[in-house]
Amino acid sequence: MSADSAPAAMKAYRSRVGLVADSPQFPGAWNEIVEKVKIADELGFDSVWLGESWGYELFTSLADLARATRRIKLGAGIANIYSRTPALIASTVATLDERSGGRMILGLGPSGANVIEHWHGVPFEKPLQRTREYVEIIRMILRHEKLIYHGQFFKLERGFKLRFTPLRADVPIYIAAMGPKNVIQTGEIADGVLPVYWPGHKWQELRQQLDEGAQRAGRPPHSALIAPYITSVILPENADEQMRQAARYRAAAPLAYYIGKMGVYYAEMLTRHGYGSQVQAVIEGWKQGMKSAIEAVDPEMLDAVTIVGTPREIVAKLDVWAERGVDQPLLSMPEGSVDEAGQLLSALMEALRS
């Protein structure tokens, strides 16, 4: 299906395309990132997202972007549910939402045991229940309610209330969920889900799990948007085969890293979706080093979870994924200089508007 032949209803996602402006593992020069985000803002991209692991602090960077931009939404993707209290996250988000004129989106997730226990020094316990309590407490604070809460982790009795009225009581909350239980809970309690490396032919399965959760909570279907982080490389229209192969190698590098070096969650999720042997090949490759791991990434698996191509090719693939359930695709910010990134983003936006 070409980009031009996509039905109007299926094109609705195009106004919600966002960008992931850095990688927690491979950050670029910050001033360049800010300049690229300013271009994305001017071009009309819907949102920009920043990650956090053991590098740059998330909300400080989002404050920089709030000052540097005018309309683009600002996504925290993600704040983990162990290193900050729910009250601190709520007050931080309410502050940034006010300062940005109502542009914040809060992404929450458990991260992983290695990061939580060996960077933050906090026990990695019951992430599902902890996620639920964080969302409930944060929503109470944003609604400017007295904070009286009785949970498994948090028992709050004194009725404290945020000392300013939040600009919005309904700041969207997305959850980084991969396992079926977490996805179903996300459908119960959140406004969106942030999957990473979810195979493109499995979006309908994700939608079914989200809507199962929504039904449990008495919410209507499609209460939670599917907003995947999509590792992507935008190629110029005149890209030759050598450029394409180099771009595919660049896209394979973070995939190999997530499979082999970011805990077991991504490997387990891809294995559940039928890529067990391909995942094992990458894990074996890591025994010889990163280059071998990247080279072990199976082309079929790479095509299932990433997008590499010219702007029109990217939009054509996004059209297919939107038909299968994607609501709000979040693409990688282009590498290279600010001018190079600007040209690619401009070409992508032109293709999205065609």
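This briefing covers the core, a strand pair and some backbone details of one structure. The model is predicted. Its largest nonpolar core holds 115 residues. Strands 5 and 6 run antiparallel. A cis peptide bond joins Gly77 and Ile78.

**Nonpolar core**
- Phe45, Phe59, Leu106 and Leu108 touch the most other members of the largest core.
- Helix 8, residues 241-261, gives the most to this core, with nine residues.
- Leaving out residues up to four places away in sequence, Phe59 touches Ala76, Ala79, Arg84, Thr92, Val93, Leu96, Met104 and Leu106.

**Strands 5 and 6**
- Strand 5 spans residues 147-150, and strand 6 spans residues 155-160.
- Three bridges join the two strands.
- A hairpin of four residues links strand 5 to strand 6.
- Side chains alternate along strand 5.
- Leu147 and Tyr149 point to one face and are buried.
- Tyr149 stands opposite Leu156 of strand 6.

**Backbone details**
- Most residues other than glycine have a negative phi, and most peptide bonds are trans.
- The bond between Gly77 and Ile78 is cis, with omega at about 10°.
- Ile78 lies in strand 3, residues 73-80.
- His144 has a positive phi, near 65°.
- His144 sits in the loop between helix 5 (127-142) and strand 5.
- With a relative accessible area of 23%, His144 is partly exposed.
- His222 also has a positive phi, of about 65°.
- The loop that holds His222 lies between helix 7 (203-216) and strand 9 (225-226).
- His222 counts as partly exposed, at 39% relative accessibility.

How values were computed. Residues numbered from 1 in each chain as written. Predicted model: local features only at pLDDT ≥ 70, side-chain atom pairs only at ≥ 80, totals over all residues. Heavy atoms only, no water. Core = buried A, V, L, I, M, F, W, Y, C linked by side-chain atoms within 4.5 Å. Buried < 20%, exposed > 50% of the residue type's maximum accessible area, 1.4 Å probe, protein only. Contact = heavy atoms within 4.5 Å. Pairing = 2+ DSSP bridges.
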